[in-house]
Amino acid sequence: MAVDHAPPCLSTNLNWLLSHVGYALATETATALAPLGLGARGFCVLATASQDEMTQGQVASMIGLDKTTMVVTVDELERAGLAERRPASTDRRARVLHVTEAGHEMVAEAQRIIEDVQESVLGALPAKERGAFMSALTTLAFGRLAEPVSCQPPLRRREPR
């Protein structure tokens, strides 16, 4: 839908705009990652876990996944040989998510694909606006909108399969 054809109730609605572009970007990213056999959720888990020794719960909390979804995702990553659950170095009772060498290679390849998609998407903006746009989104994501408020019934995240 072209912006000049969008009704004001949508074109001035921040929630709708962010949801619409978020979903469109998620589907484009999923399509680009599909040849790797890795979804955006699996990528986020691998990329986050590759940064530091973290438990499954810590990774889930950082990227906003519920426990059940995280378990299913880690099971898939383990079956693919991309990650392993291992005892933590500081507490052998705790299990951490270890990214395998194949997992690190997958993260690097997926990161290149994601950067290409993002570059293409941001290319639709004038060059001088790209940095400001990303800065503003970062400010919102890690500031005012860092944590969702509780609501009933809880909202489900829309994620392409």
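Guide: Helices (H or I, at least four residues) and strands (E, at least two) are DSSP runs, numbered from the N terminus. This is a predicted model, in which local features need pLDDT of at least 70, side-chain atom pairs count only at pLDDT 80 or more, and totals for chains, interfaces and linings use all residues. Residues are numbered from 1 along each chain as its sequence is written, and side-chain values use heavy atoms, with hydrogens and water left out.

Visitor: Which residues of α4 are buried?

Guide: An α-helix has 3.6 residues a turn, so residues three or four places apart point the same way. In α4 (residues 56–63), the buried ones are Gln56, Val59 and Ala60. They lie on the same side of α4 because their arc around the axis is only 100°, taken from the directions from the helix axis to the C-beta atoms.

Visitor: What covers the buried residues of α4?

Guide: Contact means heavy atoms within 4.5 Å. The cover includes α3 (40–49), α5 (67–79), β1 (83–87) and β2 (95–99).

Visitor: Which residues of α2 meet α6?

Guide: Leu25, Glu28, Thr29, Ala32 and Leu33 of α2 do, against Ala110, Ile113, Ile114, Val117, Ser120 and Val121 of α6.

Note on methods. Buried < 20%, exposed > 50% of the residue type's maximum accessible area, 1.4 Å probe, protein only.
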